[in-house]
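The sequence and the structure come next.

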Amino acid sequence: MKKPDWRITLNGKEVERRRFMGLSTTDNRGLEVDTLVISFTDQDGLLAIPQKGVELGVFVGYEGDAELIDRGVFVVDCVRHTGPPDVLEVTAKSARLSQKNGLDNVTTEVGAGPKLKQRRERSWEAITLGDLVRQIAAPYGLEVRVSEALEEHFIAHMDQTESDGHFLTRLAHDLDAVATVKAGKLLFLRAGTGETAEGEAIEPITIKRQEGDQHTWEAADKGRWTGCSAHWHDYASGKRERVDVGDDGYRKQLPRTYPSEAAAREAAQAEFQRLSRGLATMQLDVADADPALFAETPLTLEGWLKPEIDHDRWITTRVTLRMDPTRGFSAAVEAEDRPQDGSGTAE
């Protein structure tokens, strides 16, 4: 059995390996906060308690690997000391452009800066998506990566009446994309494609049934939808118009009224792609997990003897990776099925 390897840093300084007892980290899709719980032994009483707000860096892998996998930088949020035997448990959260964050600013990722929960009112006019995301990221000191397919997407007009985090989440939802912050970078990527911002394929991971303890596969009711409809306001005529995507039959109606026909069509198409992509879901408990499992990782499942399960069209949406220094890695994985053509788009 391969031996796990790790490196833990606290404000850039490496923590003594002998103190590490184990960790659990949850990687989520989008701007939902990632979490880390890590335990250290303090039997000699010499381990200093970290202050709230300091940075924890986590790198994991196996002995002999060329390099360890960077699981990200986390901000200490809660510390608990128990005993005997004396153990220090640290809970930390990733920096996020999110109203759910609970932090006034992202000190670990971007330094002291504008408050992320602050409500903003502004309008974006005649701008590409790439330029819009870069303008939002600039005050936070974040590097930006936007999928090539979305970089030149043109936005004629869009009003922002919420925080930057909430606005990016809404924009990503309308385009069936994922907005997330990883390692000081604001990423705006197409959802469910298994690609990096540069358009390169993420290395897929294969999970065989004998590697797992339990699984739950579920066929979602989303498959009943044959298309989507969205309404938009025609300022010239003063009327409320409708656009349809997909096939006639059972269409899902979007509740919002959009400012233009193009915006309504994009939202309807994005929602139809989401529905097509999530026709089935899979939850897995994996006993011998790959430490490179993250949200948005493509998966191939083998060994269930069911064509609905045994294929390579899965994409992870959430991964909770657990590491024990003596027993290795395990994971709880959530994934969704992508459509067979890989797009979910309608003709």
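The model is a predicted one. With a relative accessible area of 53%, Arg-18 is exposed, since the cut-off for that class is over 50%.

The side chain of Arg-18 takes part in two listed polar pairings. One is with the side chain of Glu-16, at 3.1 Å; another, of 3.4 Å, is with the side chain of Asp-44. When residues up to four places away in sequence are not counted, Arg-18 touches Thr-41 and Asp-44. The C-alpha atoms of Arg-18 and Thr-41 are 8.1 Å apart, while 23 residues separate the two in sequence.

## Strand β5 and its partners

Strand β5 (residues 55-62) has seven buried residues out of eight, so the rest of the structure largely encloses it. Strands of a sheet pair through backbone hydrogen bonds, in either a parallel or an antiparallel sense. With strand β1 (residues 4-10), β5 forms seven bridges in the antiparallel sense. Within this pairing, Tyr-62 of β5 stands opposite Pro-4.

Strand β6 (residues 69-82) is also antiparallel to β5, and six bridges join them. Leu-56 has Phe-74 in β6 as its bridge partner. β5 and β6 make up a hairpin with six residues between the strands, and there Gly-64 adopts a positive phi near 95 degrees.

## Nonpolar cores

The largest nonpolar core holds 39 residues, and the members touching the most others are Ile-8, Leu-23 and Ile-38. Which residues does Ile-38 contact, leaving aside its neighbours within four places in sequence? They are Ile-8, Phe-20, Gly-22, Leu-23, Leu-56, Leu-88, Glu-89 and Val-90. Another core, of 24 residues, lies apart from this one and includes Tyr-140, Leu-150, Ile-155 and Leu-186.

## The three-stranded sheet

An open sheet is formed by three strands in the order β16-β15-β17, with mixed pairing. β16 (239-246) and β17 (251-258) are the edge strands; each has a single partner strand, so one side of each lacks a neighbour in the sheet. From one strand to the next, the twist averages 25 degrees.

Strand β15 (residues 227-234) and β17 run parallel and are joined by five bridges. One of the residue pairs across them is Cys-228 with Lys-252 of β17.

The side chain of Glu-271 forms a polar contact of 2.8 Å with the side chain of Lys-252. Beyond four places in sequence, Glu-271 is in contact with His-173, Cys-228, Lys-252 and Leu-254. Two of these contacts, Cys-228 and Lys-252, are bridge partners of each other.

## The chain as a whole

The protein chain contains five helices and 21 strands. Buried residues make up 48% of its 347 residues. The accessible surface of the chain is about 17,300 Å², and carbon and sulfur atoms account for 48% of that area.

Among contacts in the chain with a separation of 6 or more, 64% are between residues 24 or more positions apart.

Definitions and conventions
Residues numbered from 1 in each chain as written. Predicted model: local features only at pLDDT ≥ 70, side-chain atom pairs only at ≥ 80, totals over all residues. Heavy atoms only, no water. Core = buried A, V, L, I, M, F, W, Y, C linked by side-chain atoms within 4.5 Å. Buried < 20%, exposed > 50% of the residue type's maximum accessible area, 1.4 Å probe, protein only. Contact = heavy atoms within 4.5 Å. Helix = DSSP H or I, 4+ residues; strand = E, 2+ residues; numbered from the N terminus. Areas by Shrake-Rupley, 256 points an atom, 1.4 Å probe, with all protein chains shown as cover. Pairing = 2+ DSSP bridges. Axes fitted to C-alpha atoms, helices over the stretch in contact; angles between N-to-C directions. Polar contact = N/O pair within 3.5 Å; in protein donor to acceptor, adjacent residues only side chain to side chain.
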